[in-house]
Amino acid sequence: MAASGRDNEKSGEDVSSIMGFSGFGKKARTFDLEAIFEQTRRTAIERSQRVLDDREKETHRELSGGPSTATNQKDKPTSSTSRPQESDDSSDSSDGSDSEPIGPPVPPGLSAQARGGDDNDELIGPPLPPGYRGSTADDDDDDDDDDDNDTMEDDDDPVKKIPDTHEITLQHGTKTVSALGLDPSGARLVTGGYDFDVKFWDFAGMDAALHAFRSLQPCECHQIRSLQYSITGDVILVVAGNAQAKVLDRDGFQVLECVKGDQYIVDMANTKGHTAMLNSGCWHPKIKEEFLTCSNDGTVRTWDLSNDKKHKSVFKPRSLQGKKVTPTCCTYSRDGKLIAAGCQDGTIQIWDRNLSDVSGKMFLERCFWKVHTKFHCRQAHTPGSDTSCLTFSYDGTTLASRGGDDTLKMWDIRNFRKPLHVATGLTSYFPMTDCCFSPDDKLLVTGTSVKREEGNGKLVFFDRESFKKVYEIEVASASVVRCLWHPKLNQIMVGTGNGLAKVYYDPVKSQRGAKLCVVKNKRKEKQAETLTQDYIITPHALPMFREARQRSTRKQLEKDRLDPMKSHKPEPPVSGPDDVKSEGMCILPHVFLSFYRFGAGRGGRVAAHGGTLSSFIVKNIALDKTDDSNPREAILRHAKEAAENPYWVAPAYTETQPDPLFAEEESEDEEADKEPEWKKRKI
């Protein structure tokens with residue numbers, strides 16, 4: 001009985017162990033979390049160190065020309081052999097710290113497979129076959145490592161990030177594209193040129209025909225010098241050749257026009273606006289209502305979008321002698337705290353817009369103008385040349401300047417006395433030639449100018465660290481004036497001297513923008529849209545109801561010239577003196593005499609003389625050569641005729657009129673003539 005009871009107890013224990021509840025009632029496992037975390041940290045550090053060592057060895061052997069695959073296969077077993085030791089140590093520590101595990105015992109085969117899994121870097125899944133050596137997995141790991149290395153090399157090389165595989169051409173006009181602007185989202189492009197036009201391009205709305213959806217002349221007959229969208233993209237700053245900058249909305253309607261200052265005031269700080277031609281302008285990078293302009297009146301002014309009556313503040317560049325100089329370009333720093341201006345005397349002057357120039361207090365509305373600069377470089381470029389562009393890097397520590405002396409310079413604003421790098425031989429014929437940084441701040445881009453039919457304008461890329469020319473793109477057979485590298489689209493916009501605006505992009509590296517419009521087919525013109533006017537042809541219609549056939553412009557001008565109303569032909573003079581008297585007009589005596597002399601004419605021309613009796617009489621009177629220089633003789637000439645045949649006055653006064661007595665010549669005059677010369681009176 002006792003034996004059977006023991007057998008029953010053993011069988012019950014076996015069943016309970018198999019069922020998984022043999023450990024009920026025993027002490028639960030306790031965990032030392034700090035020890036587990038410490039062990040995990042050490043294991044992670046050791047694994048990372050081994051991975052770094054393996055990569056260094058592989059790189060070293062690739063450079064030396066040795067085989068790297070065999071090395072990896074040799075190194076990997078050592079790492080795999082070291083990992084079981086760690087697992088054993090960890091298992092020992094866990095066994096030392098933990099009590100007996102709860103649950104049914106693990107079968108012997110399963111425990112061995114689990115250990116094998118630990119040896120294989122804790123692989124998840126079913127156990128591997130006995131003859132599996134892992135060569136294929138090692139080869140795949142090597143291929144993945146090579147792909148990762150190639151990707152890292154591509155990421156390190158900034159030249160491979162240039163999106164120049166594809167391009168589209170936008171026809172702005174025939175004259176120079178002197179301004180480019182792209183909104184922050186990259187949906188719309190705006191171009192301006194020397195032809196006074198501003199054109200709007202919508203990438204999402206265009207098809208492969210690449211036509212602008214709007215064209216306007218916001219500043220009438222002034223060349224466009226700068227265009228820029230605000231940071232929100234809802235308004236556009238237009239800077240032209242006049243003294244008043246304008247702000248347009250996205251559709252081209254005017255929002256603001258800056259006031260013009262009084263040009264007769266000597267101190268430009270006392271005027272409300274610019275008094276001379278504008279050169280450049282830009283928006284504040286942080287404040288959406290503020291923008292900046294510079295002008296030939298020698299001032300740099302900031303404006304507020306909510307106040308069109310007066311500027312916000314004035315900055316006055318000065319030369320070394322304290323004289324006024326002309327700023328040719330201006331810009332904000334990336335954080336908006338600094339204002340930089342390139343001047344015509346070759347200097348670059350930078351102001352801090354938050355500090356006053358004397359006391360160092362905050363720049364409030366009490367302070368309206370500043371002269372003293374925070375950074376000043378006296379000989380940045382050749383004096384007399386126009387510095388065409390200033391731009392800050394994205395990190396805000398570097399300033400690039402494009403000079404009219406065919407140079408591109410890079411400056412560290414923390415050490416502003418001499419440039420970090422200088423590139424020469426970059427021809428520039430335009431006062432708005434651009435330069436810009438790449439979105440990753442590793443490249444600097446600018447354009448070059450060429451004369452007509454003497455080569456191609458190029459887009460040149462410089463490495464920021466070494467300042468070596470690493471790449472160039474031949475754009476067109478004209479000068480490259482404007483360049484813009486949009487950070488969101490990763491596309492490059494270029495404005496040329498022959499009226500073209502080109503967009504360079506990469507289908508893989510670029511986003512949206514030009515990729516949206518090139519995939520659309522050209523819209524087919526409908527037959528009804530080709531007719532501008534519906535004509536009803538009636539062969540038997542009267543001539544007065546027939547529509548005039550469209551003529552060329554030259555013939556139409558000649559016809560209008562013959563029409564006295566359209567050509568504003570002046571009315572011809574009157575025909576003769578009778579017509580003048582009948583119309584009650586007053587004409588000069590010599591004109592009246594000419595009518596009588598030459599008679600009446602036709603069509604405003606006087607007729608030949610002698611055609612009428614009056615003209616014959618006038619001609620004879622005019623030909624009388626009697627000398628009337630002595631009035632007394634002229635009167636006495638008619639005395640005998642009047643005495644013999646009195647008609648008007650003499651008969652009425654015959655009885656009362658006294659006899660006229662005329663002075664007779666005295667003999668003293670004869671005696672005086674006979675006197676000697678010395679007795680004559682000296683006059």
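Which residues form a nonpolar patch on the surface, with about 440 Å² of accessible area together? Select F31, L33, I36 and F37: these four form the patch. Patches are made of residues with over 30% relative accessible area and no salt bridge; like charges are joined within 9 Å, and nonpolar side chains (Val, Leu, Ile, Met, Phe, Trp, Tyr) within 5 Å. Accessible areas come from the Shrake-Rupley method with a 1.4 Å probe, and for residues only the protein chains shown count as cover.

**Before you go on**

This is a predicted model: local features need pLDDT of at least 70, side-chain atom pairs count only at pLDDT 80 or more, and totals for chains, interfaces and linings use all residues. Residues are numbered from 1 along each chain as its sequence is written, and side-chain values use heavy atoms, with hydrogens and water left out.

**Stop 1: the whole protein**

Show everything as a cartoon. The protein has 14 helices and 29 strands. Helices (H or I, at least four residues) and strands (E, at least two) are DSSP runs, numbered from the N terminus. Of the 683 residues, 34% are buried. Buried means under 20% relative accessible area, exposed means over 50%, and partly exposed lies in between (1.4 Å probe, protein chains only).

The protein exposes about 44,200 Å². Carbon and sulfur atoms supply 53% of that area. Next, think about contacts, meaning heavy atoms within 4.5 Å. Take the contacts with a separation of 6 or more: residues 24 or more positions apart account for 50% of them.

**Stop 2**

L33 is exposed, with a relative accessible area of 52%. Now pick E38, R41 and R42. A network of salt bridges links these residues. A salt bridge is a side-chain nitrogen of Lys or Arg within 4 Å of a carboxyl oxygen of Asp or Glu. By this rule the count comes to 20 salt bridges.

**Stop 3: a sheet of four strands**

Select β6 to β9. They make an open sheet of 4 strands in the order β6-β7-β8-β9, with antiparallel pairing. Two strands pair if DSSP finds at least two bridges between them. The edge strands are β6 (224-229) and β9 (254-257), and each pairs on one side only. On average, neighbouring strands of this sheet are turned by 20° against each other, direction ignored. Axes for such angles are lines fitted to C-alpha atoms, for helices over the stretch in contact, and angles run from 0 to 180 degrees between N-to-C directions.

Zoom in on β7 (residues 235-240) and β8 (residues 246-249). They run antiparallel, joined by 4 bridges. Click V235, and opposite stands D249 in β8.

**Stop 4**

Is β10 buried or exposed? Of its 6 residues, 6 are buried, so β10 is largely enclosed by the rest of the structure.

**Stop 5**

Select E290 and K312. Their side chains meet in a salt bridge (3.1 Å, N to O). The pair links distant parts of the chain: E290 is in strand β11 (residues 290-295), and K312 is in the loop between β12 (300-304) and β13, 22 residues apart. E290 is buried at 1% relative accessible area, whereas K312 is partly exposed at 36%.

Move to K316 and D267. Their side chains also meet in a salt bridge (3.1 Å, N to O). K316 lies in the loop between β13 (313-315) and β14 (327-332), and D267 in the loop between β9 and β10 (278-283), so the pair ties together parts that are 49 residues apart in sequence. K316 is buried, at 7% relative accessible area. D267 is partly exposed, at 29%.

Then pick R414 and D412. Here too the side chains meet in a salt bridge (3.1 Å, N to O). R414 is exposed at 65% relative accessibility, while D412 is buried at 14%.

**Stop 4: another sheet**

Finish with β23 to β26. This open sheet of 4 strands has the order β23-β24-β25-β26, with antiparallel pairing. At the edges stand β23 (435-437) and β26 (469-476); each has a single partner strand, so one side of each is left without a neighbour in the sheet. Neighbouring strands here are turned by 20° against each other on average, direction ignored.

Last, select β25 (residues 457-463). It runs antiparallel to β26, and 6 bridges join the two. Which residue in β26 does K458 stand opposite? Look for E474.
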